[in-house]
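Visitor: I'm new to this one. Could you walk me through how to read it?

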Amino acid sequence: MIEVQGQQVEELLREAINQMGLKQSAQLVSITKRVEAQDPVLFFASAAKLNKERCFWMSTKDAFSVVGVGNVFEINANEDRFQYIEETWKKLIDDVWVYNPFKAPGTGLVTLGGLDFDPKKPRTDLWNDFPRLQFKIPEYILTKNNSDFYLTINIKVCKDDHPIQLLKAIETVETKLFQTAKEQLDLPKIIHKKMIAPEQWKNTVQRAKQEIQQKQMDKIVLAREMRLTFSKQVDVSQVLSDLIDKQSNSYIFAFEQSDSCFVGATPERLVRVENKKLLSTCLAGTAPRGATEEEDQRIAAMLFQDPKNREEHDFVVQMIKQGINKYCTDVQIPDTPVVYPLKNLQHLYTPVTGVLKDGYTIFNVIKELHPTPALGGVPRDLSMTFIRNNEQLDRGWYGAPVGWLDSNNYGEFAVAIRSALIQEDEASLFAGCGIVKDSDPEEEFAETEIKFSPMLTVLGGQP
Ligand SMILES: C=C(O[C@@H]1C=C(C(=O)O)C=C[C@H]1O)C(=O)O
Ligand SMILES: [Mg+2]
């Protein structure tokens, strides 16, 4: 096992500074070392004391987490967002001084972030704290990969910096981050719960359905908002801990910006890249879980055979198939979906695999796929225009890709659904569903009700 001790970090810093020569501007240095096992949520919670913004990513299925603390570099963009981030990221990789002998996924130079669902939709005040696209390179990153734990330190150094002093400052922060005492916090109490314009939403569903029946479009995804007020400030660490306990088969994420935090537990992978290997997921079509195993299986069988849900799902499969084929060889997509059970509901699910063609990156695939008909519609442009003009909601980062990537060609992005924007003692929860020709506004409304429950439960709204 390669160990990196304090003394070695000092040596590495010295080496990096020496290599700067006469360079006047600061040099970004990234050092990764193995560390003792540490609970990612505890690491996230400890970081609150440092007054640094945090981000959190966990794939519960893979026993994989990345927790970021602080911000040593950030990429913000409005126009040409995918091209800009790709170019900036490439340049950064070339400029940074990296020591990472492990090259494990999510170690070394890693960036985490997200973006607006629709860059053309006018913003309201709700998402004021969030840029339309933001990717951060945290100062400290804890990576958990099964039973291996790594800490990456990203630091800007100047030619006059002293390695011993830099190391001291790093060690002070590390001591705070690796605390062990876990505080059990109470769930917040909801003192006010408001559905935003439910009747108006059902009317919009009706209008969407008419457009679809008049053959203007095939599918339009419509979302709505629930607004909560709590008796006290919500503790995001506790929310994450409860989501991990309750939502298996999900990506648990949190992105903190000033006094806001966008948190969720989404089952929907958009794309994952491991070197050249690519995975994507088609997830659409929904039913509740049954109270007994028998009822559950009956509902699953109905979902599997239901033409309306199969149609909703198939639009996603067709579009992802077409998109992935442009950038991958060896694309494999099963002909029929499977039923994918989650705690509160079940979905139709089709996995997609392929091999990235030379010259393409995860950014090409994200740009191609977002928004899939699981969150936008078919055809894309018309459905996006309909959503932009009719939905009474500022989606912000809801429904858009959130995730991470590293300089070793690993990365994963999920679609930010089953999520909430928490702002101190308030929160907005988001839920949407795919409208097709056979949709019924009341049934779709009921479907969104269940989709609120993963977040509502951990915010004290349901048993
Ligand atoms: C839009 C959401 O979920 C999407 C819509 C689904 C549907 O309508 O059946 C299922 C999964 C997701 O693709 C959401 O949860 O907010
Ligand atoms: Mg649906």
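Predicted model: local features only at pLDDT ≥ 70, side-chain atom pairs only at ≥ 80, totals over all residues.

Visitor: How many residues of domain 1 are in contact with domain 2?

Guide: Two residues are in contact if their C-beta atoms, placed from the backbone, lie within 7 Å. By that rule, 39 residues of domain 1 are in contact with 45 residues of domain 2. Helices (H or I, at least four residues) and strands (E, at least two) are DSSP runs, numbered from the N terminus. On the domain 1 side, the elements giving two or more residues are helix H2 (40-47), strand S2 (54-59), helix H3 (81-95) and strand S6 (110-115). S2 gives the largest share of that side, six residues.

Visitor: Which residues touch the most other members of the largest nonpolar core?

Guide: A nonpolar core is a set of buried Ala, Val, Leu, Ile, Met, Phe, Trp, Tyr and Cys residues joined through C-beta atoms within 7 Å. Buried means 20 or more other C-beta atoms within 10 Å of a residue's own, exposed means 12 or fewer, and partly exposed is in between; the C-beta atoms are placed from the backbone. The largest core here has 131 residues, and Leu-222, Ala-254 and Leu-429 touch the most other members.

Visitor: Which residues does the UniProt annotation "binding site" cover?

Guide: UniProt positions are given in the numbering used here, with feature names shortened, and annotations may be inferred rather than shown by experiment. The unreviewed entry puts "binding site" on Glu-312 and Glu-447. They are spread over 136 residues of sequence, yet cluster in space, with a largest C-alpha distance of 13.5 Å.

Visitor: Is Glu-312 buried or exposed?

Guide: Glu-312, in helix H8, counts as buried because it has 25 C-beta neighbours inside 10 Å. Glu-447 sits in helix H11 (residues 441-458) and is partly exposed, since 19 other C-beta atoms lie within 10 Å. Leaving aside neighbours within four places in sequence, Glu-447 is in contact with Thr-286 and Cys-433.

How values were computed: Residues numbered from 1 in each chain as written. Chains lettered and ligands numbered in written order.
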